[in-house]
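My entries follow in the order in which I worked.

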Amino acid sequence: MARPRNNSKIQIPPRVKGFNPQGYYANPSEEVKLNIEEFEVIRLLDYENLSQLEASKIMEISRPSLTRIYDRARKKIAQALIEASPIRIEGGKIVYDETWYECLNCRSHFNKTGDNDVKRCPLCSSVEILKVEGEL
Ligand SMILES: [Zn+2]
């Protein structure tokens, strides 16, 4: 399967689908949507402390594209913090570095080891697993 040019490569899928503010009833319609590329840029730059150049090479996108994604991500996160909006992580043009699976039971993510197809979750042994590919 050919990969469209401008998809970002993602090393690690997010562990959760989003965040809710504490001590405040957040209206779901006010949620801020952070896509997977925006999440990954924050992870690489602010969590792993990589330079923008290093991060753009890892994600296989141009540095100006990375800077635009980073600006967008920070504005969204700031908006969520200040306005007490829930953050939902979804969507985006991405391709995973390896084959990833999501367990529908315990919501963990894991990848394929060896040549065998994954049949069970390594954590909870559930067979309710989903191959994560393309866009989430
Ligand atoms: Zn599981």
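**Entry 1: the mixed sheet**

I began with Leu 34, which stands opposite Ile 89 in S4. Before going further I noted that this is a predicted model, in which local features need pLDDT of at least 70 and side-chain atom pairs count only at pLDDT 80 or more, while totals for chains, interfaces and linings use all residues. I also noted that residues are numbered from 1 along each chain as its sequence is written, and that side-chain values use heavy atoms, with hydrogens and water left out.

Helices (H or I, at least four residues) and strands (E, at least two) are DSSP runs numbered from the N terminus, and two strands pair if DSSP finds at least two bridges between them. On that basis I found that S3 and strand S4 (residues 87-89) pair in the parallel sense over 3 bridges. They belong to an open sheet of 3 strands with the order S2-S4-S3 and mixed pairing. Its edge strands are S2 (18-19) and S3 (32-34), each of which pairs on one side only.

**Entry 2: Ser 85**

I found Ser 85 in the loop between H3 and S4. With 6% relative accessibility, Ser 85 counts as buried, where buried means under 20% relative accessible area, exposed over 50% and partly exposed in between (1.4 Å probe, protein chains only). Not counting residues up to four places away in sequence, Ser 85 touches Pro 21, Glu 30, Val 32, Gln 79 and Ala 80. For Glu 30, I noted that its backbone oxygen lies 3.4 Å from a polar atom of the Ser 85 side chain.

**Entry 3: the antiparallel sheet**

I next followed the open sheet of 3 strands in the order S7-S6-S8, where the pairing is antiparallel. S7 and S8 stand at the edges with a single partner strand each, so one side of each is left without a neighbour in the sheet. Neighbouring strands here are turned by 35 degrees against each other on average, direction ignored.

S6 pairs with strand S7 (residues 109-111) over 3 bridges, and I listed Phe 110 as the bridge partner of Tyr 101 and His 109 as that of Glu 102. The hairpin of S6 and S7 has 5 residues between the strands, and in it Arg 107 takes a positive phi near 60 degrees. S6 also pairs with strand S8 (residues 129-132), over 4 bridges, and Trp 100 stands opposite Val 132 there. Both faces of S6 (residues 100-103) are covered, with Trp 100 and Glu 102 buried on one side and Tyr 101 and Cys 103 buried on the other.

**Entry 4: the zinc site**

What coordinates the zinc ion? I found the SG atoms of Cys 103, Cys 106, Cys 121 and Cys 124, at 2.3 Å. Donors are N, O and S atoms within 2.8 Å of the metal (3.2 Å for Na, K and Ca), and sites may look incomplete because water is not among the atoms. Along the chain the donors follow the spacing C-x2-C-x14-C-x2-C. The 4 donor atoms subtend angles of 105 to 118 degrees, which makes the arrangement tetrahedral, a term that requires all angles of four donors to lie between 85 and 135 degrees. Finally, I noted that Cys 103 counts as buried at 0% relative accessibility, whereas Cys 106 is partly exposed, with a relative accessible area of 33%.

Note on methods. Four donors count as tetrahedral if all angles lie between 85 and 135 degrees; four count as square planar and six as octahedral if opposite donors are over 155 degrees apart and all others between 65 and 115; anything else is irregular. Axes are lines fitted to C-alpha atoms, for helices over the stretch in contact, and angles run from 0 to 180 degrees between N-to-C directions. A polar contact is a pair of N or O atoms within 3.5 Å; within protein, one must be able to donate a hydrogen and the other to accept it, and residues adjacent in sequence count only if both atoms are side-chain atoms. Contact means heavy atoms within 4.5 Å.
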